[in-house]
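Here's a quick walk through one protein chain, written for someone who would rather look at the model than at a table. Keep the viewer open and follow along.

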Amino acid sequence: MTKKILSASVLLSALSGAALAGGAAAPMGSQVQPATPAAMSAALREAGYRVTMNPADPDSDPSMTIMAGDYEVTVWLSGCKANMCSRATASVSWDYSDDEDSLDTELVNDWNSNYYTQAYIYEGAYYLDSTMPIAGGYTKAAVKAWMTEYLGDVADFEMELP
């Protein structure tokens, strides 16, 4: 019995030592972040994007503008109650209001049948959106991966535009 307790004690000591030394620590960016506008903008900044919070409007969801290379991305948070939100949606648009005849619903339908991002036409422009559920929290790594994948689709969609 004493031998088993001693063995368990040595094992526990070895495991906790590794944890304290970082051997069992969670990977960087894996801690759950709160689903707040401030935390989301901080996660996007940490991912390397220039983020500007848009002025608060009591009649609108919180939103921010992100500069990602040549793209200006609008991210708005929805389903917010007491500053905790349930979804983040990224959106990029291309203005065709001077050439609305070239807007192609077939292009949009083909895109939507092959990609997870959502393309649509609204008021003379093409839009490409992606939504990430954030209710209950998210990791910084997940936000970075989401934005990287989304921006890849943005570039691909832009190449398809007339």
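Predicted model: local features only at pLDDT ≥ 70, side-chain atom pairs only at ≥ 80, totals over all residues.

## A patch of negative charge

Five acidic residues, Asp95, Asp98, Asp99, Glu100 and Asp101, come together on the surface as a patch of negative charge. To find Glu100, look in the loop that runs between strand 5 (87-95) and helix 3 (105-112).

Is Glu100 buried, partly exposed or exposed? Its relative accessibility is 46%, so Glu100 counts as partly exposed, since the exposed class begins over 50%.

## The overall layout

Now zoom out. The protein chain is built from four helices and eight strands. Going along the sequence, the order is α-β-α-β-β-β-β-α-β-β-β-α. The chain has 162 residues, and 36% of them count as buried.

## Strands 2, 3 and 4

Most of strand 3 is covered, with five of its six residues buried. Strand 3 pairs with strand 2 in the antiparallel sense, over four bridges, and with strand 4, also antiparallel, over six bridges.

The C-alpha atoms of Thr52 and Ile66 are 6.5 Å apart in space, while the two residues are 14 apart in sequence. Thr52 has a relative accessible area of 46%, so this residue is partly exposed.

On the strand 4 side, Thr65 has Thr74 as its bridge partner. Strand 3 and strand 4 make a hairpin with two residues between them, and Gly69 in that turn has a positive phi of about 65°.

## From strand 4 to strand 5

Keep going and you reach the next antiparallel pair: strand 4 (residues 71-78) is joined to strand 5 by five bridges.

Which strand does strand 5 join through nine bridges? That would be strand 7 (residues 125-133), and the two run antiparallel. Within this pairing, Ala90 faces Ser130 of strand 7.

Strand 7 is also joined to strand 6 (residues 118-122), by five bridges and again antiparallel. Tyr122 stands opposite Ala125 of strand 7. Strand 6 and strand 7 form a hairpin with two residues between the strands, where Glu123 takes a positive phi near 45°.

## The salt bridge

How many salt bridges turn up in a search of the whole structure? The answer is one. The partners are Glu46 and Lys140, whose closest N and O atoms are 2.9 Å apart. This pair ties together distant parts of the chain: Glu46 is in helix 2 (residues 37-46), Lys140 is in helix 4 (residues 140-160), and 94 residues separate them.

What about the surroundings of each partner? Glu46 has a relative accessibility of 54%, so it counts as exposed. Lys140 has a relative accessible area of 23%, and that makes Lys140 partly exposed, because the buried class needs a value under 20%.

Notes
Residues numbered from 1 in each chain as written. Heavy atoms only, no water. Patch = residues over 30% accessible without salt bridge, like charges linked within 9 Å, V, L, I, M, F, W, Y side chains within 5 Å. Areas by Shrake-Rupley, 256 points an atom, 1.4 Å probe, with all protein chains shown as cover. Salt bridge = Lys/Arg side-chain N within 4 Å of Asp/Glu carboxyl O. Lys, Arg positive; Asp, Glu negative; His and termini not counted. Charge placed at Lys NZ, Arg CZ, Asp CG, Glu CD. Buried < 20%, exposed > 50% of the residue type's maximum accessible area, 1.4 Å probe, protein only. Pairing = 2+ DSSP bridges.
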